[in-house]
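These notebook entries record what I looked up in one structure. I began with charged side chains, then turned to a loop residue and to helix packing.

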Amino acid sequence: LAAGSVDDARQQLQAAGSAIDALLAQYEQIKAKKQGDVVRSALGGRASSIHLLQEGGKSLATLAVDSDSFTEAYDDYCAASGRADGYAYSSSFAASGDPKVQNPGNYLEMARVQIKSMRSDVGTM
């Protein structure tokens with residue numbers, strides 16, 4: 001995912017942003033069906049634009065007008081992705097413990113907060 005030009009970088013950021021928007025658009029259905037694996041695939045699937053930005057986004061910083069701001073947003077994006085993935089993973093095993101706290105819906109909602117943060121980070125980049 002090395003970007004050769006500013007236009008390539010912009011396309012990669014737009015693809016990741018669009019993929020996040022699509023995930024968020026279907027999130028209520030995902031949450032209702034307790035499909036944490038769908039969230040995890042969107043975040044980390046090999047062909048996922050969200051994942052591809054994580055893999056090669058650091059190299060895009062050299063093309064940014066403000067590489068420091070870009071790098072900070074990129075680091076936040078990667079950290080939020082890791083947290084969202086962890087929450088989505090935990091949603092599959094949330095049957096134990098206090099059902100008011102440890103339930104798939106709560107974990108998926110925490111993942112959604114992180115995914116929204118990722119969308120904001122893409123906008124900053």
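**Entry 1: salt bridges**

I looked up D21 and found it partly exposed, with a relative accessible area of 37%; the classes are buried under 20% relative accessible area, exposed over 50% and partly exposed in between, with a 1.4 Å probe and protein chains only. I note that this is a predicted model, in which local features need pLDDT of at least 70 and side-chain atom pairs count only at pLDDT 80 or more, while totals for chains, interfaces and linings use all residues. Residues are numbered from 1 along each chain as its sequence is written, and side-chain values use heavy atoms, with hydrogens and water left out.

Which residue forms a salt bridge with D21? I found R119, with the closest N and O atoms 2.8 Å apart; a salt bridge here is a side-chain nitrogen of Lys or Arg within 4 Å of a carboxyl oxygen of Asp or Glu. This pair links distant parts of the chain, since D21 sits in helix α1 and R119 in helix α6 (residues 104–124), 98 residues apart. Helices are DSSP runs (H or I, at least four residues), numbered from the N terminus. R119 counts as partly exposed, at 28% relative accessibility.

I then examined R10, which forms a salt bridge with D7 at 3.3 Å between the closest N and O atoms. Both residues lie in helix α1 (residues 6–25), and because they are three residues apart, about one helical turn separates them. R10 is partly exposed at 44% relative accessible area, whereas D7 is exposed at 52%.

Is R112 buried or exposed? I recorded R112 as buried, with a relative accessible area of 10%, and E109 as partly exposed, with 28%. Both belong to a network of salt bridges that links E28, K31, E109 and R112. The count of salt bridges comes to seven.

**Entry 2: S48**

I placed S48 in the loop between α3 (36–44) and α4 (49–60). At 13% relative accessibility, S48 counts as buried. A polar atom of its side chain lies 2.4 Å from the backbone oxygen of A42. The S48 side chain also reaches the backbone nitrogen of I50 at 3.1 Å. With neighbours within four places in sequence left aside, I list S41, A42 and L43 as in contact with S48, contact meaning heavy atoms within 4.5 Å.

**Entry 3: helix packing**

I took α3 and helix α5 (residues 67–91) next: their axes come within 8 Å and cross at roughly 155 degrees. Axes are lines fitted to C-alpha atoms, for helices over the stretch in contact, and angles run from 0 to 180 degrees between N-to-C directions. The crossing angle makes α3 roughly antiparallel to α5, a class that holds for angles over 145 degrees. G36, V39, R40 and L43 in α3 meet S81, A84, D85, A88, Y89 and S91 in α5.

How do α5 and α6 cross, and at what angle? I noted roughly 165 degrees, with the axes coming within 8 Å. α5 is therefore roughly antiparallel to α6. The contact involves residues of α5 including A73, Y77 and A84, and residues of α6 including Y107, A111 and M118.

Terms used. Helix = DSSP H or I, 4+ residues; strand = E, 2+ residues; numbered from the N terminus. Polar contact = N/O pair within 3.5 Å; in protein donor to acceptor, adjacent residues only side chain to side chain. Parallel < 35°, antiparallel > 145°, perpendicular 65-115°, else oblique.
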